[in-house]
Amino acid sequence: MTPTRQEAEKLLYEYTESESLRQHGHQVEVVMEHFAKLNNEDPDFWGTVGLLHDLDYEKYPDQHCIKVREILEERDYPEEMIHAIQSHGYGMCCDVKPESKMEKILYTIDELTGIINAACLLRPSKSVLDLKLKSLKKKYKDKKFAGGCDREIIENGLSQLDYDKDELMQLTIDGLQAQAERAGLKGNIDQDV
Ligand SMILES: [Fe+2]
Ligand SMILES: [Fe+2]
């Protein structure tokens, strides 16, 4: 059965103690919700896939994207959700290929969200609300910045989508800005800018 958002969040917290990893889950969740709306798809479903994509990472780092199948099958989660979650590790930790649009977007925005998070934390505002595309592009080009976030994966994902790079970056920023509080990226800005 398809879990409610609350059930999925409870499960994530059960498996993930790290505050930054929980926050990463929420960031990918809100970005996936945003892209679902733009594609006339179900934001709850896409959001839950985003929220749970790194579910097995903290407890089973060596079986990332593998163990998650067992955890979710036990709970009767839909196959579509399990397949999508596994596929974000394609070529890195599993051989489940991103096939649907949802899967390709997840694969592409996962690392990008990490770069945006790092960029926000460096800002005086500590916020995504005043982050501009131009500033993100500069950080993206600097391979030493957030070096753990693999640009090659993003480029590879982009080549399978209809978005160009600027567009994808702007839409990802938009998704985080729309739910800055939930994404933990409101920083010290009180009102939306
Ligand atoms: Fe992952
Ligand atoms: Fe991730």
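This is a predicted model: local features need pLDDT of at least 70, side-chain atom pairs count only at pLDDT 80 or more; totals for chains, interfaces and linings use all residues.
Let's start with a cysteine: Cys65 counts as buried, because its relative accessibility is 1% and buried means under 20%. In brief, an iron ion (ligand 1) is held by Asp54, His64 and His88, the whole structure contains 13 salt bridges, and four acidic residues form a negatively charged surface patch.

**Backbone angles to look at**

- Cys65 sits in the loop between α3 and α4.
- The phi angle of Cys65 is near 75°, which is a positive value in a residue other than glycine.
- Lys126 is another non-glycine residue with a positive phi, in this case about 55°.
- You will find Lys126 in the loop between α6 (101-122) and α7 (133-141).
- Lys126 is partly exposed, at a relative accessible area of 43%, whereas Cys65 is buried at 1%.

**The iron site**

- Three side chains coordinate the iron ion (ligand 1): Asp54 through OD, His64 through NE2 and His88 through NE2, at 2.1 to 2.3 Å.
- If you want to trace these donors along the chain, their spacing reads D-x9-H-x23-H.
- Asp54 and His64 are ten residues apart, and each is placed in the loop between α3 and α4 (67-74).
- Asp54 is buried, because its relative accessible area of 11% falls under the 20% limit.
- His64 is likewise buried, with a relative accessible area of 8%.

**Salt bridges within helices**

- Side chains of opposite charge can pair when their charged atoms come close.
- The side chains of Arg5 and Glu9 meet in a salt bridge with an N to O distance of 3.5 Å.
- Arg5 is partly exposed, with a relative accessible area of 26%.
- Arg69 and Glu73 form a salt bridge in which the closest N and O atoms are 2.8 Å apart.
- Both partners are partly exposed: Arg69 has a relative accessible area of 21%, and Glu73 has one of 43%.

**A further pair and a network**

- Arg75 and Glu74 also form a salt bridge, and their closest N and O atoms are 3.7 Å apart.
- Arg75 counts as partly exposed at 27% relative accessibility, whereas Glu74 is exposed at 60%.
- Salt bridges with shared partners join Arg5, Glu9, Glu29, Glu33 and Arg182 into one network.

**A negative patch on the surface**

- Glu41, Asp42, Asp44 and Glu80 gather on the surface in a patch of negative charge.
- One of these residues, Asp42, is in the loop between α2 (19-38) and α3 (43-52).
- Asp42 is partly exposed, with a relative accessible area of 41%, so it passes the patch requirement of over 30%.

**Distances in sequence and in space**

- Gly184 and Gln27 are 157 residues apart in sequence, and their C-alpha atoms are 7.7 Å apart in space.
- Gly184 lies in the segment after α9 (165-178), where it counts as partly exposed at 38% relative accessibility.
- Arg22 and Glu74 are 52 residues apart in sequence, with 22 Å from C-alpha to C-alpha.
- Arg22 has its place in helix α2 and counts as buried at 18% relative accessibility.

Technical notes. Residues are numbered from 1 along each chain as its sequence is written. Chains are lettered from A and ligands numbered from 1 in the order in which they are written. Side-chain values use heavy atoms; hydrogens and water are left out. Patches are made of residues with over 30% relative accessible area and no salt bridge: like charges are joined within 9 Å, nonpolar side chains (Val, Leu, Ile, Met, Phe, Trp, Tyr) within 5 Å. Accessible areas come from the Shrake-Rupley method with a 1.4 Å probe; for residues, only the protein chains shown count as cover. Lys and Arg count as positive and Asp and Glu as negative; His and the chain ends are not counted. The place of a charge is taken as NZ of Lys, CZ of Arg, CG of Asp or CD of Glu. Helices (H or I, at least four residues) and strands (E, at least two) are DSSP runs, numbered from the N terminus. Buried means under 20% relative accessible area, exposed over 50%, partly exposed in between (1.4 Å probe, protein chains only). Donors are N, O and S atoms within 2.8 Å of the metal (3.2 Å for Na, K and Ca); water is not among the atoms, so sites may look incomplete.
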